[in-house]
Amino acid sequence: MDTKHVICATCDMACQLKAEIDAEGSIKFLPNNDNPISPGAICRKATSALEIFDHPDRILHPQK
């Protein structure tokens, strides 16, 4: 399992997270307990980021 330190860009909070990637390529976000500013903090938007960005009904192009 590969672990990367990432920053969520879903909102202005920029939560510092750990992303775990398994051999099949699935990603899981975990709180970063090593973050000195907000250890272990992860907001609801960060936990839902994969669902939001991979949703089949997501609008990908301008509608006008």
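Residues are termed buried under 20% relative accessible area, exposed over 50%, and partly exposed in between, with a 1.4 Å probe and protein chains only. Helices (H or I, at least four residues) and strands (E, at least two) are DSSP runs, numbered from the N terminus. The structure is a predicted model, in which local features need pLDDT of at least 70 and side-chain atom pairs count only at pLDDT 80 or more, while totals for chains, interfaces and linings use all residues. Residues are numbered from 1 along each chain as its sequence is written, and side-chain values use heavy atoms, with hydrogens and water left out.

In helix α1 (residues 44–53), the residues A46, S48 and A49 are buried. Viewed down the axis of α1, the buried residues fall within an arc of 165° (taken from the directions from the helix axis to the C-beta atoms), so they line one face of the helix. The exposed residues R44 and E51 are carried on the face of α1 turned away from the buried side. Contact being defined as heavy atoms within 4.5 Å, the buried residues of α1 pack against β2 and β3.

The strands form an open sheet of three, in the order β1-β2-β3 and with antiparallel pairing; two strands pair if DSSP finds at least two bridges between them. Because β1 (2–7) and β3 (27–31) each have a single partner strand, they stand at the edges, and one side of each is left without a neighbour in the sheet. Neighbouring strands of the sheet are turned by 30° against each other on average, direction ignored. The axes are lines fitted to C-alpha atoms, for helices over the stretch in contact, and angles run from 0 to 180 degrees between N-to-C directions.

Strand β1 is joined to β2 (residues 16–21) by six bridges, and the two run antiparallel. Within this pairing, H5 stands opposite K18 in β2, and V6 has L17 as its bridge partner in β2. Five bridges join β2 to β3, again in antiparallel fashion. Here L17 has P31 as its bridge partner in β3, and I21 is partnered by I27. The strands β2 and β3 form a hairpin with five residues between them, and G25 in the turn has a positive phi of about 95°.

N32 is found in the loop between β3 and α1 and, at 5% relative accessibility, counts as buried. Its side chain makes a polar contact with the side chain of H5 (3.5 Å). A polar contact is a pair of N or O atoms within 3.5 Å; within protein, one must be able to donate a hydrogen and the other to accept it, and residues adjacent in sequence count only if both atoms are side-chain atoms. Not counting residues up to four places away in sequence, N32 touches H5, Q16, L17, K18, S38, P39 and G40.

T10 lies in the loop between β1 and β2 and counts as partly exposed, at 27% relative accessibility. With residues up to four places away in sequence not counted, T10 touches K45, A49 and F53. The C-alpha atoms of T10 and A46 are separated by 6.8 Å, the two residues being 36 residues apart along the chain.
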